[in-house]
Amino acid sequence: MKIAFVIFDGMTFLDFIGFYDVIYRLNLFEETKGTTWDICGLSEEISDELGLTIKVNRIKPDLSEYDLLFVPGGMGTRQLRYDNEFITWLKQADKVKYKVSVCTGSLLLGAAGFLENKMATTNPNVYDLLEPYCKEVVRTRIVKDGNLITAGGVSTSIDLALYIVKLFVNQEAVDMIKQQIDYPYEVQGIVEV
């Protein structure tokens, strides 16, 4: 499996890092050994909403070559959903099997047309911004509608990644990772359509 982590200026790094810290461990399991990923963006460096900067390892790659697309959220999503260059690039992921977002990353998936006729969620503070993009906003932490998986606010990024590990591997893998990261919480608020 090949994962594209899409990052952008104004994102919330915890949305990305919480997910990344769990998901990179897919290589520990036979079922998902050989999983690779790229940190993708439109420029060489990305700064979050607080000014922290990281480097991108692939600038504007063809997103259609990936198996899973992950889009975090952040204050930057409010304007970015109207950015033609970014949304056109994101639309390349139309045939990507799994499209995943946390927090307001769902607004970007929506702007790219991926939420049409789908149920989805986002940060509880912006359910109203998501409404125009999807069939129904589900007020919960994780929504899986087919191969589209959206998640709520920032802290949900860890739960989302654990949910995906269970989906691709099994509950034992989730339990092992939770022990590794000292995570005592149970994933809750999952709606599968």
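Mentor: Buried means under 20% relative accessible area. The model discussed here is a predicted one.

Trainee: What makes C103 buried?

Mentor: C103 has a relative accessible area of 4%. The cut-off is under 20%, so C103 counts as buried.

Trainee: How do you know that C103 is in no disulfide?

Mentor: A disulfide needs a pair of cysteine sulfur atoms within 2.5 Å. For C103, the nearest cysteine sulfur belongs to C134 and is 15 Å away. A search of the whole structure for disulfides finds 0.

Trainee: Why is C40 called buried?

Mentor: The relative accessible area of C40 is 0%. Buried requires a value under 20%, and therefore C40 is buried.

Trainee: Where does T121 lie, and what makes this residue buried?

Mentor: T121 is in the loop between β8 (119-120) and α5 (127-130). Its relative accessible area is 0%, and the limit is under 20%, so T121 is buried.

Trainee: Which residues is T121 in contact with, leaving aside its neighbours within four places in sequence?

Mentor: Among them are S106, Y127, L130, V138 and T140. R141, I142, V143, T150, A151 and G152 are also in contact with T121. Contact here requires heavy atoms within 4.5 Å. As for C134, 13 residues from T121 along the chain, the C-alpha atoms of the two are separated by 9.3 Å.

Trainee: Why does T32 count as buried?

Mentor: T32 has 7% relative accessibility. Leaving aside neighbours within four places in sequence, T32 is in contact with L26, N27, F168 and V169.

Trainee: Turning to the helices, how do the axes of α1 and α6 run?

Mentor: The axes of helix α1 (residues 13-23) and helix α6 (residues 156-168) cross at roughly 30° and come within 7 Å. Angles under 35 degrees count as roughly parallel, so α1 is roughly parallel to α6. The crossing of α1 past α6 is right-handed.

Trainee: Which residues make that contact?

Mentor: From α1 the residues are L14, D15, G18, F19, V22 and I23. From α6 they are S157, I158, L160, A161, L162, I164 and V165.

Trainee: How many residues of each class does the contact of α1 with α6 have?

Mentor: The contact has 10 nonpolar, 2 polar and 1 charged residues. Asp counts as charged, and D15 of α1 is one of the contact residues. Gly counts as polar, and G18 of α1 is also in the contact.

Conventions: Residues are numbered from 1 along each chain as its sequence is written. This is a predicted model: local features need pLDDT of at least 70, side-chain atom pairs count only at pLDDT 80 or more; totals for chains, interfaces and linings use all residues. Side-chain values use heavy atoms; hydrogens and water are left out. Axes are lines fitted to C-alpha atoms, for helices over the stretch in contact, and angles run from 0 to 180 degrees between N-to-C directions. Helices (H or I, at least four residues) and strands (E, at least two) are DSSP runs, numbered from the N terminus. Angles under 35 degrees count as roughly parallel, over 145 as roughly antiparallel, 65 to 115 as roughly perpendicular and the rest as oblique. A crossing is left-handed if the near helix is turned anticlockwise from the far one by less than a right angle, and right-handed if clockwise. Buried means under 20% relative accessible area, exposed over 50%, partly exposed in between (1.4 Å probe, protein chains only).
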